[in-house]
Amino acid sequence: MNKIEFGTQTEEQQLAKFFEDTTLFLGPDPEIMGHHDLAPRTEREDRAMEKVSDPTLLALIRDRLIAGANEGFEMMEQMGAAPGAKWGDLITGLYTPSGDLAISSTGGVLIFSSLVHHPVKFIMKYWKDDPTVGVRPGDIFMHNDSRYGNIHNTDQSMLLPIFIGDELVAWAGATVHEGENGAIEPGGMPSAAESVYEEGLKLSPVKVGENYALKKDWVTYLQNSVREPKLQYGDMKVKLFVCRRMEERVLEAAAAYGNDAIIASLRKGMEDVRAEVVRRVSEMPDGVVRSVLFADGTLRENALVKINLELRKKGDKLTFDFRGSSPEFANRSNNTVEASLKGMVAQLFLTFVFPDLPRTQAAFAPIEVLTDKKSALNSSYTTPNAQSMMTFFPAFTCAQQALAKLMFSGPKYTKVIAPWYNMINTFIYGGITQHGEMVGNLCADLNGMGGGAHADSDGEHALAPIFATMADIAEQEIMEEEVPFMQIVSKKLMKDNMSFGKYRGGMGYQMITAMRGSPFWGFMVTCIGSKVPNTRGLFGGYACPTYPLCKIRDVDVFDVFKKNPDKFRYDVAELMNDKPFETAKYSTHHMGLQFENLKEGELYMISQGAGGAYGDCLERETALIRKDIEEELLSVETAERIFKVAVNPRTLQIDEEATRKARDAERAARKKRGVPYKEFAKRWEKAAPPEGLPYYGSWDDPQTIYAGGPDKAMASDAIESVIMPHPRDVKIAAMEAEISRLRKACGEAAS
């Protein structure tokens, strides 16, 4: 066939140009989203590193830029409007022109910054040379869609290109957990979302300002899309000021040392960290460690959602193989984008494994991660992911436990600890405030996760979340000025809420909450771990307890305080066991509560979780046990039952000789209960999940994935999305079956 010529271009060239110019939709770029290593060194970076190589100067510049990022962090925390900004759920950082995270603030949510390199790379690939967009000095970009690089839609990022003259030398970025984002439920993390279109704002990387000014049309659009327009606008301005401050610090450093020094410092810092991680990995002992954790629900129904990990180390290669984990859920929000999973495991290295290294993307760059496509840890574009924490937090714990075992016999750059508590036990709220404003956000109690026990000491109580360092748990009095509910009991540790071991995990505190003074108010709780523990122990230590949501409805506790205050109990267990309010309704539930309206004075109660324990309970020092009893962290009954100590309930003295005998007896009883491993495995192992168990993931062979029962199996390379029935439909079907049964029984009785 003769080729048709159009000027100097052939038909094929014309068609290629036509398709290039008429791309239907620029979705997430698989090449960008699947790559977490550093971008190749550019020619400009080569020239800069040839000119400036003094390590002392490069380190000085890096420290100045880190100080600038920390300054931005403090600005955001002091000026931000969102609870997440006020209490440290944010991050600031500097990125190379190619988009790699080179500098991060010392505090904050490191997973944010270790994920935002994806949208920067998207901007550089698709918008930089696009005549309708472009990247110029003073441009302001935003994004929040995790499918382009983030955790979930409630986290909003602002990005500012930093130019010196006509040269792009870096990007400044600030990310904040904003909360409210216009989703189907208030607060930004909708567990009721059954599609991505119910999860609120979905911003691909987009330009929202030019010449350092936000575009009013974009600001209005975003305000019009959420329940809190004031918060949306306020934090957009604050993030812009923060990015400008970091830009100012870069320009000052460039004026002092030159552009080449800035570019060389950013690149050399990342390359040094990457090389050091490779060196440290090579020091670890070769081997394989396996870890499994089960999420006990989707937040809509109970289910066993398997997170499967095989950690392999050989030479200088470390591989996290999550294949065999649960399939994705087409209409549940507990799915994770693979990049989010990588960001969470990167957080583990930056915070717990190599905390001495500079906080840069390079700390995880040489690590390999494997997942099954369309699994809950590598979900597809159309699946909701607002509650991705319900799968990648358990994945974090699997990784933390496996790494602790692998690293135990090798060189260590921090203490080996048991897994940290890993779940966001807090209240999400929404409604009309006492000031007449519509709001939707969350309490900062999610930051009060209990620390894992150390190899030589107990874990810290309610210290910090697994995803952030130096985050706060909020001041209740400040919150009560803004929202119409009170935490009647707040920050009070719950007795026996611990994991037991030679060293116990750090404990969590209880929260007893009631609304007052609002015509419309409701709560959500979005946690797993009410039936299966969220966090494991290490080397014989116990896992954390399981945690229910407790409600006391049809009571006005504020009226009780007026008329009979002695009736109130300042403890969840005492309120639920004593039932002091005669006409109230008492109930317990799993902690997947979709948004629920409540009346003034009704009590909603949960507890923050405990970190995993370390070592055998029978080896715990009696002095530590007595100290916990005296501080009312541990009951005498639990101490005797778990730690096998003999305690005088009146004096709290521990009888050392009686304790030794009790522990010797328990060790003998353990031997008597034990059976050889082969015999145990023969009795215990089954060929497939039992009938009636809602089981999701591999059973034994990671290449065979189950989707709800033994008759629903599929190959791991051909996973199909799981579609769950609506809980309302399940309830209706059960009621119809009961009515049918009763009708049949009545008919039989009549005949």
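Is arginine 136 buried, partly exposed or exposed, and what is its relative accessible area? In this predicted model, arginine 136 is partly exposed, because its relative accessible area of 40% lies between the limits of 20% and 50%. The report returns to this residue below, after the chain as a whole.

## Overall dimensions

The chain has 751 residues, for which a compact globule would have a radius of gyration near 27 Å; the value for the chain is 28 Å, which agrees. Taken along the principal axes, the C-alpha atoms fill a box of roughly 90 × 65 × 65 Å. The secondary structure comprises 20 helices and 27 strands. Of the 751 residues in the chain, 56% are buried.

One pair of positions gives a sense of distance within the model. Proline 190 and alanine 102 are 88 residues apart along the chain, and their C-alpha atoms are separated by 33 Å. Proline 190 is placed in the loop between β8 (167-177) and β9. Although proline 190 belongs to a loop, its relative accessible area is 0%, so this residue is buried.

## Salt bridges

The count of salt bridges comes to 68.

| Pair | N to O distance | Separation in sequence |
|---|---|---|
| Lysine 125 and aspartate 29 | 2.6 Å | 96 residues |

The side chains of lysine 125 and aspartate 29 meet in a salt bridge at 2.6 Å. Lysine 125 belongs to helix α7 (residues 117-127), while aspartate 29 sits in the loop between α1 (11-21) and α2 (30-33), so the pair ties together parts of the chain that are 96 residues apart in sequence. The two partners fall into separate accessibility classes: lysine 125 is partly exposed at 43%, whereas aspartate 29 is buried at 6%.

Glutamate 210 is partly exposed, with a relative accessibility of 32%, and arginine 136 is partly exposed at 40%.

The third pair is local. Glutamate 657 is partly exposed at 38% relative accessibility, and arginine 660 is partly exposed at 41%. Elsewhere, salt bridges that share partners join Arg41, Glu45, Asp46, Asp100, Lys121, Arg267 and Glu271 into one network.

## Surface patches

Which residues gather in a patch of negative charge on the surface? The patch consists of Asp472, Glu475, Glu477 and Glu481. Glutamate 477 lies in helix α13 (residues 476-482). With a relative accessible area of 55%, glutamate 477 is exposed, because the limit for that class is over 50%.

A nonpolar patch is also present on the surface. Val675, Tyr677, Phe680 and Trp684 make this patch, which covers about 480 Å². Tryptophan 684 lies in helix α19 (residues 677-684), and its relative accessibility of 63% places it among exposed residues.

Most residues other than glycine have a negative phi.

Phenylalanine 539 has a positive phi of about 55°, although it is not a glycine. This residue is found in the loop between β20 (521-526) and β21 (549-553). At 36% relative accessibility, phenylalanine 539 counts as partly exposed.

Aspartate 554 likewise is not a glycine, yet has a positive phi of about 60°. Its position is in the loop between β21 and α14 (557-563). The relative accessible area of aspartate 554 is 34%, so this residue is partly exposed.

Methods: Residues numbered from 1 in each chain as written. Predicted model: local features only at pLDDT ≥ 70, side-chain atom pairs only at ≥ 80, totals over all residues. Heavy atoms only, no water. Patch = residues over 30% accessible without salt bridge, like charges linked within 9 Å, V, L, I, M, F, W, Y side chains within 5 Å. Areas by Shrake-Rupley, 256 points an atom, 1.4 Å probe, with all protein chains shown as cover. Salt bridge = Lys/Arg side-chain N within 4 Å of Asp/Glu carboxyl O. Lys, Arg positive; Asp, Glu negative; His and termini not counted. Charge placed at Lys NZ, Arg CZ, Asp CG, Glu CD. Helix = DSSP H or I, 4+ residues; strand = E, 2+ residues; numbered from the N terminus. Buried < 20%, exposed > 50% of the residue type's maximum accessible area, 1.4 Å probe, protein only. Rg over C-alpha atoms; globule rule 2.2 N^0.38 Å.
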